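Subject: Structure handover and findings

Dear colleague,

Please find below the structure that I am handing over to you. My notes on it follow directly after.

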Amino acid sequence: MSLKIFDEITNEKMENIFSEGKKLQYKKGEFLFHQGDEPESLDLLIEGGLQIFKYDSNSSEVTLNFFLPYSLIAELAFLNGIQYPASGRFFADSTILRMPMGMFKQKIENNISICHLLIQSLYQKIQILNMTISRGLTMEAQQRVAHFLYHLPDNYPPLNQIQIASMLFLRPETLSRALRQLKDLQIIDPKPGQIKILDREGLLKFLNKI
């Protein structure tokens, strides 16, 4: 998903924009930030992956999203100067390019590429948000699951059923029934930590006919 008014910012160009910043290495399980922290820099994920989540009233994790390379992380909180509304934890060894606030203020005045990058990133996240809202408001449980699996990127991290249920705003038992139905139709093969799609066209047909 990219805007047509200017060329898409390539991964190489993203790294060039952050070339004067710091390169930071993180181990799997480390936090990039906690909910309530104050943003002090703009971060670009170039290797690994980051899980964004919150805790519910029972102190259980509710997964909101996953970020893969190349992604700006929480740029809206950074731009607005507000606290991070959720926590970010790496699910794999990862590398971040970091641009401090002072450097960002200098660059944004005379570097049109960073403006394009911000617009591109925010546009992509708006599209994802629109899809998530549409799925949650207009689709039944079975249709939500089919839609989620059909649009799931190939390089997405392994997800357990609790994570998927939280992302789709479904009860775990409701998700289990939906997955079992898709399995019985030989559309998917659910395994612990992984759901293999056996018939992608069948999944699309199933989605469209509901």
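Tyr-70 is placed in the loop between β4 (61–67) and β5 (71–73); strands here are DSSP runs of E with at least two residues, helices are runs of H or I with at least four residues, and both are numbered from the N terminus. A cis peptide bond joins Pro-69 and Tyr-70, with omega at about -10°.

This is a predicted model, in which local features need pLDDT of at least 70 and side-chain atom pairs count only at pLDDT 80 or more, while totals for chains, interfaces and linings use all residues. Residues are numbered from 1 along each chain as its sequence is written, and side-chain values use heavy atoms, with hydrogens and water left out.

**Overall chain**

The chain has eight helices and eight strands. Its C-alpha trace spans about 55 × 40 × 30 Å along the principal axes. For 210 residues, a compact globule would have a radius of gyration near 17 Å, and the 19 Å of the chain agrees with that; the radius is taken over C-alpha atoms, and the globule rule is 2.2 Å times the number of residues to the power 0.38.

The accessible surface comes to about 12100 Å², and carbon and sulfur atoms account for 50% of it. These areas come from the Shrake-Rupley method with a 1.4 Å probe, and for residues only the protein chains shown count as cover. Of the 210 residues, 39% count as buried (buried is under 20% relative accessible area, exposed is over 50%, and partly exposed lies in between, with a 1.4 Å probe and protein chains only). Among contacts between residues at least 6 apart in sequence, 71% join residues at least 24 apart, where contact means heavy atoms within 4.5 Å.

**Two helix pairs**

Two packed helices are described by the angle between their axes and the distance between the axes. Here the axes are lines fitted to C-alpha atoms, for helices over the stretch in contact, and angles run from 0 to 180 degrees between N-to-C directions.

The axes of helix α3 (residues 101–110) and helix α4 (residues 112–138) come within 6 Å and cross at roughly 100°. That makes α3 roughly perpendicular to α4 (under 35 degrees counts as roughly parallel, over 145 as roughly antiparallel, 65 to 115 as roughly perpendicular and the rest as oblique). From α3, the contact involves Phe-104, Lys-107, Ile-108 and Asn-110, and from α4 it involves Ile-112, Ile-114, Cys-115 and Leu-118. By class, this contact has six nonpolar, one polar and one charged residues (Ala, Val, Leu, Ile, Met, Phe, Trp, Tyr, Cys and Pro count as nonpolar, Asp, Glu, Lys and Arg as charged, and the others, Gly among them, as polar).

For helix α5 (residues 141–150) and α6, the axes come within 11 Å and cross at roughly 110°. Accordingly, α5 is roughly perpendicular to α6. Arg-144, Val-145 and Phe-148 of α5 meet Ile-164, Met-167 and Leu-168 of α6. The class count is five nonpolar, no polar and one charged residues.

Gln-142, found in α5, is buried with a relative accessible area of 15%. Gln-142 and Leu-175 are 33 residues apart in sequence, yet 7.9 Å apart in space, C-alpha to C-alpha.

Leu-207 lies in helix α8 (residues 200–209) and counts as buried at 7% relative accessibility. Leaving aside residues up to four places away in sequence, Leu-207 touches Gln-143, Ala-146 and His-147. From Leu-207 to Met-139 there are 68 residues in sequence and 9.9 Å in space, C-alpha to C-alpha.

Gln-163 belongs to helix α6 (residues 161–168) and is buried at 15% relative accessibility. With residues up to four places away in sequence not counted, Gln-163 touches Gln-51, Thr-63, Phe-66 and Pro-158.

**Positive phi values**

Phe-169, in the loop between α6 and α7 (172–184), has phi near 55°, a positive value in a residue other than glycine. Phe-169 is exposed, with a relative accessible area of 60%. Gln-186, in the loop between α7 and β7 (188–191), has a positive phi of about 60° although it is not a glycine. Gln-186 is exposed, with a relative accessible area of 60%.

Yours sincerely
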